[in-house]
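Dear colleague,

I am handing over the structure that we talked about, with some notes on what turned up in it. Please have the model open beside this message as you read.

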Amino acid sequence: MTAPLAVRSLALGLAAGSRATLGVAGPLLGPVPGHRLPTHRLRRPATLPRVLAGLAVAGELVGDKLPTTPSRLDPPGPDVRAGSGAVGGLLLALRHHAPAPSVVAAMVAGAVGGAVGTGVGAAWRAAVAHRGWPDLPAALAEDAVALTLATWATRA
């Protein structure tokens, strides 16, 4: 049984709240739904967008650990992350040929997930810093959660 589209879009949005590139990259890099293989003309995105998406995710995973990286709460960070979640929801809906109301619901769920994920991720990192714990393990744990959410959202 697969999870409803809105739930998967929410999860993808939560991932985008932690790592903004995952909203768009998740659906591009994730597996293609079975009904689109092997004969459907839109089997898989072209190689170049997938390579660029992978590089963007890798760059963000590294860049997030740098001390010069600004807070995700600084503008336009929250808007970008919510927008990435919304686009991710749209891409998930389009991959499954969802009807228009479901597409809108997926976009809203992705945007809400992006906004919530932004706040939760920032709160997690602030709590770790407040306790005096090292930031790198906390950032890596956040990476693991975000990648797991994005993977689940695109495979469910």
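The axes of helices H4 and H5 come within 7 Å of each other and cross at roughly 145°, where an axis is a line fitted to the C-alpha atoms over the stretch in contact and the angle, from 0 to 180 degrees, is taken between N-to-C directions. Helices here are DSSP runs of H or I with at least four residues, numbered from the N terminus. The crossing of H4 and H5 is right-handed, a term used when the near helix is turned clockwise from the far one by less than a right angle.

Before going further, please keep in mind that this is a predicted model, in which local features need pLDDT of at least 70 and side-chain atom pairs count only at pLDDT 80 or more, while totals for chains, interfaces and linings use all residues. Residues are numbered from 1 along each chain as its sequence is written, and side-chain values use heavy atoms, with hydrogens and water left out.

Among the residues of H4 that meet H5 are Gly85, Ala86 and Gly89, and the H5 residues in this contact include Gly110, Ala111 and Gly114; contact means heavy atoms within 4.5 Å. By class, the contact of H4 with H5 has 10 nonpolar, 5 polar and 1 charged residues, where Ala, Val, Leu, Ile, Met, Phe, Trp, Tyr, Cys and Pro count as nonpolar, Asp, Glu, Lys and Arg as charged, and the others, Gly among them, as polar.

The model also has 9 salt bridges, each being a side-chain nitrogen of Lys or Arg within 4 Å of a carboxyl oxygen of Asp or Glu. In one of them, aspartate 64 meets arginine 125 at 3.0 Å, N to O. Aspartate 64 lies in the loop between H3 and H4 and arginine 125 in H5, so this pair ties together parts that are 61 residues apart in sequence. Aspartate 64 is buried at 16% relative accessibility, and arginine 125 is buried as well, at 12% (buried means under 20% relative accessible area, exposed over 50%, and partly exposed in between, with a 1.4 Å probe and protein chains only).

Arginine 125 also forms a salt bridge with aspartate 135, at 2.8 Å from N to O, and this pair links H5 to H6. Aspartate 135 is partly exposed, with a relative accessible area of 36%. Salt bridges that share partners join Arg19, Asp64, Lys65, Arg72, Arg125, Asp135, Glu142 and Asp143 into one network.

Terms used: Helix = DSSP H or I, 4+ residues; strand = E, 2+ residues; numbered from the N terminus.
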